[in-house]
Amino acid sequence: MIAKDSGLEPLDPAYVADVLSRPPFVQIPGVCNVRDLGSYPTATPDVVTKPGYAYRSAELSGITEEGARKMVSLGILTVFDLRSDPEMRKYSSPIPTIEGVQVVHTPVFKSEDYSPEKLAKRFELYATGTTEAFMILYSQILEHGGPAFGTILRHVRDKPNSPFIFHCTAGKDRTGIIAAILLKLAGVDNHFISQDYSLTRVGREPDRAKVLGRLMKEPLFAANSEAAMRMLTSRYETMRAFFNLLEEKYGGVETYVKTYTELTDEDLKNIRSNLVVPAKSRM
């Protein structure tokens, strides 16, 4: 259903509630679109991605006290925030203070990438909603994201027993790309990674009105809500196209990571090892 859905119409609330109540979704009050990247099968028989270790989400700015307690109870003591300062100011969504949790500011884009001109060009691409447009945008994320992604990957290399969460604003594009990189390095098949990406369609639904409200303040979207919704699509086919881009333009995930984050083959070996566990393990 998710793959065929246009992404423009609201989803049935009962369907959303049901999907969000089950893995890989995790409930953290005040935070939207939270998922555990664990328990996915890998290319190695009887080996899966480590449950309860790497989490993805939308912004944490609205996290409640109960949500903060839930995060800590899950062992998530490190947050990687992929947003840029102008973005946080624009949406009045600062980094929250969560007792006992370290928030690492790891912006994918520099502040100057949020100039009105550059932002308008990105919005124009998003508004088309085409796979080709998303590939231009995702190439920009890959080009700029090396330092941020490298910080997250070094955490995996160095702290295999320290759960973490990473997020951007909606938890779709920047978040989706580093999630794909992590899962790809772990040996997860493209099909499962693309399915995970498409789950954002359901995961962001509780924040639909809030996100649309923000976009409606942009001149491009003010009179065109359909364009705004196209920007928010997360189709299975888009992630499949991303893997073609990653292979053809960047030489595959390992070459990309070594080139843009300066990690070594030995680092990648350790990262891969730290992302997986035997299938019957319940860590």
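The text below takes the cavities, then an annotated segment, then one threonine.

The model is predicted, so local features need pLDDT of at least 70 and side-chain atom pairs count only at pLDDT 80 or more, while totals for chains, interfaces and linings use all residues. Residues are numbered from 1 along each chain as its sequence is written, and side-chain values use heavy atoms, with hydrogens and water left out.

A cavity is a set of points on a 1 Å grid over the protein atoms alone where a 1.4 Å probe fits but cannot get out, and lining residues have an atom within 4 Å of a point. The model has 4 cavities of 30 Å³ or more. A volume is the space filled by probe spheres set on the points, and for the largest cavity this is about 400 Å³. Its lining has 21 residues, with E87, F123, T169, R174 and M231 nearest the centre. Helices here are DSSP runs (H or I) of at least four residues. The elements giving two or more residues to this lining are tabulated.

| Element | Residues |
|---|---|
| α3 | 85-90 |
| α4 | 116-128 |
| α10 | 208-215 |

α4 gives the most, with 4 residues. By class, the lining has 13 nonpolar, 1 polar and 7 charged residues.

An unreviewed UniProt entry places the feature "domain: Tyrosine specific protein phosphatases" at residues 150-189. Over residues 150-189 the chain is 55% helix.

T261 lies in helix α14 (residues 253-261). The T261 side chain reaches the backbone oxygen of V257 at 2.5 Å.

Notes: 1 Å grid on protein atoms, 1.4 Å probe; cavity = no way out; pocket = protein on both sides within 12 Å on 5 of 7 lines; lining within 4 Å. Nonpolar A, V, L, I, M, F, W, Y, C, P; charged D, E, K, R; others polar. UniProt positions renumbered as here; feature names shortened; annotations may be inferred. Polar contact = N/O pair within 3.5 Å; in protein donor to acceptor, adjacent residues only side chain to side chain.
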